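Good morning, and thank you for coming.

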Amino acid sequence: MIPAGASTTSIGNSAARDCWQAAEAQDYDRNAIYHCNMALEFEALDAPNKAATLVNRGVLYMRNRNYTGAERDFKRAMSTDDGNPEAYLNMAISRLRQNENDTSVMPWIEKAIALNTKDQALAYYSRALVHERNGNIRQAYRDYRKANELAPDWDEPAKDLQRYKVIRK
């Protein structure tokens, strides 16, 4: 299973901060969504913090398998702040969690990497999954290896690399 990331925002002791903490803690309950909704409706958030809060709420929706709500928030985050890499990465992850195999998610992953997502390992791992699902085994191996280098304590890339056997010609 592909984990969901979260954008980072911390605005004092606000609802936006509570929303971020719930997304970071991989928490899901109605209270978490409520804090996100309160932040978006009542707090004077600048564009980057509004986008981050949308991403965080989207992550919470995604964890609850509400992909429609998640993708709506990720799209709104992209239009609010097109420089938020987590919006692009999480949009791709949402599609991958729904077993989307086509390469239509690749531009979102590439943009997240280019914008320096805080979770580069997750971005490379996601890209590896797309490559592998579409038969590009060499590139999948390279991306699994890069994800493993970036996050050596994360088990998933290491497990996936064990399925490969490199034969030098």
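Let me begin with the largest nonpolar core, which has 48 residues; L60, F74, M78, V105, W108 and Y144 touch the most other members. By nonpolar core I mean a set of buried Ala, Val, Leu, Ile, Met, Phe, Trp, Tyr and Cys residues joined through side-chain atoms within 4.5 Å. Buried stands for under 20% relative accessible area, exposed for over 50%, and partly exposed for what is in between, with a 1.4 Å probe and protein chains only. At least two residues of this core come from each of α1, α2, α3 (47-63), α4 (67-80), α5 (85-97), α6 (106-114), α7 (120-133) and α8 (137-150).

A word on the basis of these values. This is a predicted model, in which local features need pLDDT of at least 70 and side-chain atom pairs count only at pLDDT 80 or more, while totals for chains, interfaces and linings use all residues. Residues are numbered from 1 along each chain as its sequence is written, and side-chain values use heavy atoms, with hydrogens and water left out.

The chain has nine helices and zero strands. Both are DSSP runs numbered from the N terminus: helices are H or I with at least four residues, strands E with at least two. Of the 169 residues, 49% count as buried.

Let us return to Y144. With a relative accessibility of 0%, Y144 counts as buried. Setting aside residues up to four places away in sequence, Y144 touches several others, including Y125, L129, P157 and Y164; contact means heavy atoms within 4.5 Å.

How do Y144 and Y164 form an aromatic pair? The pair is tilted, at 6.0 Å centre to centre and with 55 degrees between the planes. Rings of Phe, Tyr and Trp (its six-membered ring) pair if their centres lie within 6.5 Å; planes under 30 degrees apart count as stacked, over 60 as edge-to-face and the rest as tilted. Y164 also counts as buried, at 18% relative accessibility. Ring pairs link Y125, Y141, Y144, W154 and Y164 into a cluster.

Finally, which residues does the disulfide join? C19 is joined to C36, with 1.9 Å from S to S; a disulfide is a pair of cysteine sulfur atoms within 2.5 Å.
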